[in-house]
Number of protein chains: 2
Amino acid sequence: MATIQDVARRAGVGVGTVSRVINESPLVSEATRARVQQVIDEIGYRPSSLARALSLGRSTTLAVIVPFFTRSSVVARLRGVADVIDGSDYDLVLYDVHTPEQRDRRFELAARADRAGVLIMSLAPSDEVVRALAAASVPVVFVDRRVEGLPHVFTDDAEGGRKATNHLIGLGHTRIAFVGDRFDESFGFTSSIDRLAGYHLAMIEAGLPVPAGYEQVADHGREEAHRQTRELLSLPEPPTAIVAASDLQAFGVLEAARDAGVDVPGDLSVIGYDDVPMAPYLGLTTVQQQLYDTGAEAAALLIRLLAGETLEEPSVELPTEIVIRRSTAPLR
Amino acid sequence: MATIQDVARRAGVGVGTVSRVINESPLVSEATRARVQQVIDEIGYRPSSLARALSLGRSTTLAVIVPFFTRSSVVARLRGVADVIDGSDYDLVLYDVHTPEQRDRRFELAARADRAGVLIMSLAPSDEVVRALAAASVPVVFVDRRVEGLPHVFTDDAEGGRKATNHLIGLGHTRIAFVGDRFDESFGFTSSIDRLAGYHLAMIEAGLPVPAGYEQVADHGREEAHRQTRELLSLPEPPTAIVAASDLQAFGVLEAARDAGVDVPGDLSVIGYDDVPMAPYLGLTTVQQQLYDTGAEAAALLIRLLAGETLEEPSVELPTEIVIRRSTAPLR
DNA sequence: GGTCGGCTTGGAATCGGTTCCACGCCGATT
DNA sequence: AATCGGCGTGGAACCGATTCCAAGCCGACC
């Protein structure tokens, strides 16, 4: 593989001059520039990004840390990230995390790092990590999580949960239950509990009761949601509407309803959260949070930070919106 | 950030010795090793992987080039790749490709590259690129595609298409149609046409006719498949069974059937291809190709190549298998 | 006691870029 | 004619690791 030395020798110039040509410095005469460029084309020289990074003291790779990247909400966000990074001069290094140990290892790595910047999705850093990151010179942006003192892109999950519940209340429902995740100690995901809080708020505002058993929390998953729904449907006073903390869980609810012969939306209204790509297909009413946009926005933020911009408003809140489809209907 | 020099100075040794400690060379006395290690721990020194890579002449990042990584089949494969890479000392650099120009740029980059190895999913390289890759010292593995002379992991798409069709024939169907993608000139994806070839073969073997209009090809997508199915259902002799070239397309078929009031599997049997995560949920009978495993296998192959192993059998074929669910039934 | 050989060790050279400093050359100014 | 300034250029130093070579030290052997 040709090096800058080879080019310099063949063109009869010094390495400095070649470097200037590569980096489009104006301090080269047109004649020299042309000659060097010709040699570069001839031998197909490409600078080593490794050597470049070492010399410059900064690399052109961004670490993107995501949890469970099989979840379609994560994939949708990641697509936004990938698209924006693709349009820049940076490369995307992907770290998938599915255990707390992995997460901690990744974070430690991020704080150190030969990566130019770090983007962290949904995961909660400990205070210690936050301090380390803030101290480290490498810029960090969080997606789907608010972190005091560090830039982040987020949506208001509590408000989203409230909107979802109000949609059902507006349809005349009064027996409204919630299917969500247990607070995950190890990962510290908060979106599900925030949405639950929004549900509670809406119920209280409307003066509606939340009977025992109407709040089902379990591990995150379609099959778990299936079980949670069976539980709800077997209550003495089963709900006529269900707020699910995610679309994946809503799918589990729909499945359980179908298996139990409960008609949706005739006998049961179901609203999800996220608006993943399958949601329109299944006719799921849901709270749309712009997954793609959160990723794209965060990546754009990170890149601006790397460009040395100081942002007056380093954090971005994206709105949520109810998308009405076929899984919710007025109480009959 | 501390460097190896700092450590050497503080420990009162030479940089060579520190390097030996880091790399667990046996040529260091226990006493020295302990002292150096202590300094390392004290100041929290981590070697720069950049400098290391430059010095060693090889990096520890693998380029993974995928098309449209929103497609769930691609994501499933990618998960296999990510899991295996995560267990190694390599990092995963993701390149998403959704235009032919991007593809060519990525390939060029791959042949050159400061990446230790390259994994290419589904995409077709030109002969020129194949030559360049074979010539370049960087190992390449292909997934979901056979490439003469280079290692690859693949399944037999024609055989899969044949199996799918035979499943329907075995259920007594004779009017069997096919919904697939048009040959994509720009990307050169071949799986859909291979599956179509398998469908044809099975029909011929069974002595069944393929009436005009029974072969629907269009761009890849759920909505396109929806339209293709409407076309089929409006034929004078509509099919009683449909082979779809992918699960995504099968979803479009199911949707169209539902919209047209055609009962599945009562009036129409539908079989998909891939077995993506949503398939069990929707009860789709499908040809399972081990998406996760193809990715994992390919990554493992690449890593063995990088370890210097010479593989007697550099390519791996993975089997396909019919998974029967609720979308196919005997002809009534 | 001298020589030899085996461990340890220090440090220079190297990887392939970038950047800064010094120098040569030119035309313009006095 | 001498001085000055500025442009274009070459090349050494540097980024932070690895590795190889030379050398110091020690015990063993003759």
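## Strand 3 of chain B

Gly117(B), Leu119(B) and Met121(B) point one way from strand 3 of chain B, while Val118(B) and Ile120(B) point the other way, and all are buried. A residue is buried when 20 or more other C-beta atoms lie within 10 Å of its own, exposed at 12 or fewer, and partly exposed in between, with C-beta atoms placed from the backbone. Five of the five residues of this strand (residues 117–121) are buried, so strand 3 of chain B is largely enclosed by the rest of the structure.

This is a predicted model: local features need pLDDT of at least 70, side-chain atom pairs count only at pLDDT 80 or more, and totals for chains, interfaces and linings use all residues. Residues are numbered from 1 along each chain as its sequence is written, and chains are lettered from A and ligands numbered from 1 in the order in which they are written. Helices (H or I, at least four residues) and strands (E, at least two) are DSSP runs, numbered from the N terminus.

## Neighbours in the sheet

Strands of a sheet pair through backbone hydrogen bonds, either parallel or antiparallel. Two strands count as paired if DSSP finds at least two bridges between them. Strand 1 (residues 61–67) of chain B runs parallel to strand 3 of chain B, joined by four bridges. Here Val64(B) has Leu119(B) as its bridge partner. Strand 4 (residues 140–143) of chain B also pairs with strand 3 of chain B, in the parallel sense over four bridges. Met121(B) has Val143(B) as its bridge partner there.

In chain A, four bridges join strand 3 (residues 117–121) to strand 4 (residues 140–143), and the two run parallel. Met121(A) stands opposite Val143(A).

The open sheet has twelve strands with mixed pairing, in the order 11(A)-5(A)-4(A)-3(A)-1(A)-2(A)-2(B)-1(B)-3(B)-4(B)-5(B)-11(B). Its edges are strand 11 (316–317) of chain A and strand 11 (316–317) of chain B, each pairing on one side only. Strand 2 of chain A and strand 2 of chain B run antiparallel, joined by three bridges. Val93(A) stands opposite Val93(B) there.

## Core and chain contact

The largest nonpolar core has 156 residues, and Leu119(A) and Leu119(B) have the most contacts inside it. Such a core is a set of buried Ala, Val, Leu, Ile, Met, Phe, Trp, Tyr and Cys residues joined through C-beta atoms within 7 Å. Not counting residues up to four places away in sequence, Leu119(B) touches residues including Leu62(B), Val81(B), Val141(B) and Leu302(B). Contact means C-beta atoms, placed from the backbone, within 7 Å.

The contact between the chains takes 26 residues from chain B and 27 residues from chain A. On chain B, helix 4, helix 5 (72–86), strand 2, helix 11 (247–259) and helix 12 (278–282) each supply at least two residues. That side has twelve nonpolar, five polar and nine charged residues. Ala, Val, Leu, Ile, Met, Phe, Trp, Tyr, Cys and Pro count as nonpolar, Asp, Glu, Lys and Arg as charged, and the others, Gly among them, as polar.

## The DNA strands

26 residues surround DNA strand D, the closest being Val13(A), Gly14(A), Gly16(A), Ile4(B) and Ser19(B). A residue is near a strand if its C-beta atom, placed from the backbone, lies within 6 Å of it. Helix 4 of chain B gives the most to this surface, with five residues.

DNA strand C is also surrounded by 26 residues, the closest being Ile4(A), Ser19(A), Val13(B), Gly14(B) and Gly16(B).

Note on methods
Two residues are in contact if their C-beta atoms, placed from the backbone, lie within 7 Å.
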